[in-house]
Amino acid sequence: MTNVIEAEDLRRTYSGGFEAVNGISLAVPRGEVFALLGTNGAGKTSTVELLEGLAAPSGGTVRVLGHDPYRERAAVRPRIGVMLQEGGFPSDLTVAETVRMWAGCTSGARPTGEALEAVGLGARGGVRIKQLSGGERRRLDLALALLGRPEVLFLDEPTTGLDAEGRRDTWALVRALRDGGTTVLLTTHYLEEAESLADRLAIMHQGRIVLSGTPAEVTAAQPARIRFVLPEGVAPGRLPLGLKAAAEGRRVEIRTHELQDALGELLLWARDTGVRLEGLDARSASLEEAFLEIASRTTVDGTTVDRTTVEAGTR
Ligand SMILES: Nc1ncnc2c1ncn2[C@@H]1O[C@H](COP(=O)(O)OP(=O)(O)OP(=O)(O)O)[C@@H](O)[C@H]1O
């Protein structure tokens, strides 16, 4: 499969010397939905703008549909759709007028009605932009990004500000576009969105990709968790030797990559010793845990380390 988006050791340094993108490499094949995740300021928008050709990288290379999106903008721009984090519209125009205006600058544009129907704004064509809700503006942004039937769609936080139904409608639309062969690269703060929509994802932290893969691969890298409360008088030290547990008073947490084995061992021990495990809760790792674990890291001298390690080292 050919890669529609390719970045190699991509860097972006802002004036003042701040390195917002610090050597990112990624490849997105045709027809894939790829999600970029990361905390505020991780460098997602700075990266996406390089991929869109809106800014020149300070190092590394980008290829979109085989071209440099910044230097060969004329070759790339007609084939991509871009939804920025904040679109600016003339507020006195109606929704339909805005789409028609945009269509005037777009070759092979979809009909206005079709573009608005696709994003659930079919009945809002006559409404002025200034009267739209935040979520409706987001949908209009998406309609404009779709207008030229792009081969590659860049969506920067496409569902921020949408209600639950709007979010699910957008997911359905993105899936339909993907099934039709469109390649989609999106950023999001909603882990559920990345988990349900993305074929592959990357978690960024401080300008770097720290973890990437399918949602299942990314979560599999994290340990599962078992939690329970021991009864009065049963010390955590009595737990079976094979289980590595962290205890706070009677509350115990076990982290393991072998959930079934650990849980089996724990339950057999509890039965054999007549111990009742209150509030027993066992769960596989989630994307949220992977994300929070990465977000809690900090960087010292360019090396990413666990925050607890830093604190221990400074004591
Ligand atoms: N024009 C600029 N000049 C200097 N620094 C900038 C500029 N734009 C962004 N930054 C900084 O670069 C870093 C990355 O910003 P960016 O917007 O790419 O992050 P993000 O992951 O998209 O964050 P968010 O989730 O909040 O949108 C931040 O620390 C930000 O303050």
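By class, the shell around the ligand holds four nonpolar residues, six polar ones and one charged one. This is the picture in a predicted model. The residues that surround the ligand are Y14, F18, A20, G38, N40, G41, A42, G43, K44, T45 and S46. Which element gives the largest share of this shell? Helix α1, residues 44–52, does, with three residues.

The largest nonpolar core has 62 residues. Within this core, the residues with the most contacts are A35, L51, A143, F154 and L185. Helix α5, residues 134–146, gives the most to the core, with six residues. Take L51 as a way in. Leaving out residues up to four places away in sequence, L51 touches I5, A7, V62, V64, P69, F154 and L185. There is also a second, separate core, of seven residues. Among them are L230, V252, I254 and A262.

Now turn to a sheet. Strands of a sheet pair through backbone hydrogen bonds, either parallel or antiparallel. Here, four strands form an open sheet in the order β11-β12-β10-β13. The pairing is antiparallel. Which strands stand at the edges? They are β11, residues 245–248, and β13, residues 278–283. Each of these has a single partner strand, so one side of each is left without a neighbour in the sheet. Neighbouring strands of the sheet are turned by 15° against each other on average, direction ignored.

Look at one pair in detail. Strand β11 is joined to β12, residues 251–256, by four bridges, and the two run antiparallel. Within this pairing, A246 stands opposite E253 in β12. A helix packs on the sheet as well: α9, residues 259–273. Helix α9 touches β10 (224–229), β12 and β13. The direction of α9 makes about 20° with that of β10.

Finally, follow a single residue, T160. T160 sits in the loop between β6 (152–156) and α6 (164–179). How many other C-beta atoms lie within 10 Å of T160? The number is 17, so T160 counts as partly exposed, since a buried residue needs 20 or more and an exposed one has 12 or fewer. Apart from its neighbours within four places in sequence, T160 is in contact with R138 and H189. T160 and G66 are 94 residues apart in sequence. In space they are 31 Å apart, C-alpha to C-alpha.

Methods. Residues are numbered from 1 along each chain as its sequence is written. This is a predicted model: local features need pLDDT of at least 70, side-chain atom pairs count only at pLDDT 80 or more; totals for chains, interfaces and linings use all residues. A residue is near a molecule or strand if its C-beta atom, placed from the backbone, lies within 6 Å of it. Ala, Val, Leu, Ile, Met, Phe, Trp, Tyr, Cys and Pro count as nonpolar, Asp, Glu, Lys and Arg as charged, and the others, Gly among them, as polar. Two strands pair if DSSP finds at least two bridges between them. Axes are lines fitted to C-alpha atoms, for helices over the stretch in contact, and angles run from 0 to 180 degrees between N-to-C directions. Two residues are in contact if their C-beta atoms, placed from the backbone, lie within 7 Å. A nonpolar core is a set of buried Ala, Val, Leu, Ile, Met, Phe, Trp, Tyr and Cys residues joined through C-beta atoms within 7 Å.
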